[in-house]
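This briefing covers the salt bridges and the surface patches of one protein model. Look over the sequence and the structure first, then read the points below.

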Amino acid sequence: MTDAATAPEPGTVYLVGSGPGDPELLTVKAKRLLERADVVLHDRLPGPEILEGLSAERCEDVGKRGGGERTPQPEINERLVGFAREGNSVVRLKGGDSFVFGRGGEEAEYLAAHGIPFEIVPGVTSATAAPAVAGIPVTHREHTSSISIVTGHEDPTKPESAVDWEALAAVGGTIVVLMGVRRLPDYTGALLEAGMLPETPVALVERATWPNQQVATGTLETIVDARDEVGIEPPAVTVVGEVAATRATVLEFIANETADKEV
């Protein structure tokens with residue numbers, strides 16, 4: 001049995017954001033760490049080409065899987081600590097940026113509490129990248145100078161909801177909703193109830209930078225129908241605000257564009 005005197009020095013855990021999915025949008029540092037890692041614990045959101053390029057014997061899928069199966073966060077935390085204590089270099093790989101709704105902060109705190117050295121490697125967040133590749137700037141001098149980034153997982157009618165849709169409607173600017181495909185009718189309804197105009201432009205960008213990227217555009221009043229006609233599925237980013245309408249002015253010249261549906 002290994003005791004404290006003979007135990008290896010703990011390895012470092014790298015909390016790495018993989019960007020929206022295109023392997024060319026991995027940072028140089030992320031690519032280097034992935035090539036050298038002893039263990040990679042990944043979610044399902046890193047793009048398919050990124051995951052296919054990893055050595056299967058070094059990888060462990062700890063994301064959501066078919067049938068709603070998922071690895072609980074406490075178990076992920078324990079595995080990070082366990083692998084590091086064996087002296088491994090560990091990459092915790094997530095889509096986008098792990099500190100933007102990626103639980104990277106929770107993992108950092110857990111590692112610190114257990115004496116495990118770690119490093120944070122930021123990634124390109126889908127909150128700005130997904131709109132950008134679809135031709136939508138999240139800020140624009142003629143439209144808005146503010147952005148609100150929120151989760152769409154929650155039920156807007158819950159009294160204890162962490163997202164104040166009424167306040168967001170009052171602030172205006174661009175609202176970017178992550179993980180909000182299924183609750184789209186709920187929060188667009190909440191924004192309308194809060195006084196946002198029905199004709200406010202809205203866009204949904206599914207699997208941004210992936211080979212099967214799709215975009216649906218419409219307004220607060222029509223975007224649910226547009227979502228259904230295009231068949232938008234998670235993961236997708238919702239953009240609410242005047243900037244969503246600028247896509248139409250550049251659409252013809254976006255080199256990586258796929259067809260979308262406007263309702």
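Asp43, Arg92, Lys94 and Glu107 are joined in a network of salt bridges, a salt bridge being a side-chain nitrogen of Lys or Arg within 4 Å of a carboxyl oxygen of Asp or Glu. The model is predicted: local features need pLDDT of at least 70, side-chain atom pairs count only at pLDDT 80 or more, and totals for chains, interfaces and linings use all residues. Residues are numbered from 1 along each chain as its sequence is written, and side-chain values use heavy atoms, with hydrogens and water left out.

**The network**

- Glu107 forms a salt bridge with Arg92, with the closest N and O atoms 3.1 Å apart.
- Because Glu107 lies in helix α4 (residues 104-113) and Arg92 in strand β4 (residues 90-94), this pair ties together parts that are 15 residues apart in sequence; helices (H or I, at least four residues) and strands (E, at least two) are DSSP runs, numbered from the N terminus.
- Glu107 also pairs with Lys94, the closest N and O atoms again being 3.1 Å apart.
- This second pair links Lys94 in strand β4 to Glu107 in helix α4, distant parts of the chain 13 residues apart.
- Glu107 is buried at 1% relative accessibility, where buried means under 20% relative accessible area, exposed over 50%, and partly exposed in between (1.4 Å probe, protein chains only).
- Arg92 is buried at 2%, and Lys94 is buried at 3%.

**Another salt bridge**

- The structure holds 9 salt bridges.
- One of them joins Glu119 and Lys29, whose closest N and O atoms are 2.3 Å apart.
- Glu119 is in strand β5 (residues 118-121) and Lys29 in helix α1 (residues 28-36), so the pair ties together parts 90 residues apart in sequence.
- Glu119 is partly exposed, with a relative accessible area of 28%, and Lys29 is partly exposed at 33%.

**Surface patches**

- Phe101, Ile147, Ile149 and Met179 make a nonpolar surface patch of about 320 Å²; patches consist of residues with over 30% relative accessible area and no salt bridge, with like charges joined within 9 Å and nonpolar side chains (Val, Leu, Ile, Met, Phe, Trp, Tyr) within 5 Å.
- Ile149 belongs to strand β6 (residues 147-151) and is partly exposed at 36% relative accessibility.
- Arg44, Lys64, Arg70, Arg103 and Arg182 form a positive surface patch; Lys and Arg count as positive and Asp and Glu as negative, while His and the chain ends are not counted.
- Lys64 sits in the loop between β3 (59-61) and α3 (73-85) and is partly exposed, with a relative accessible area of 38%.

Conventions
Areas by Shrake-Rupley, 256 points an atom, 1.4 Å probe, with all protein chains shown as cover. Charge placed at Lys NZ, Arg CZ, Asp CG, Glu CD.
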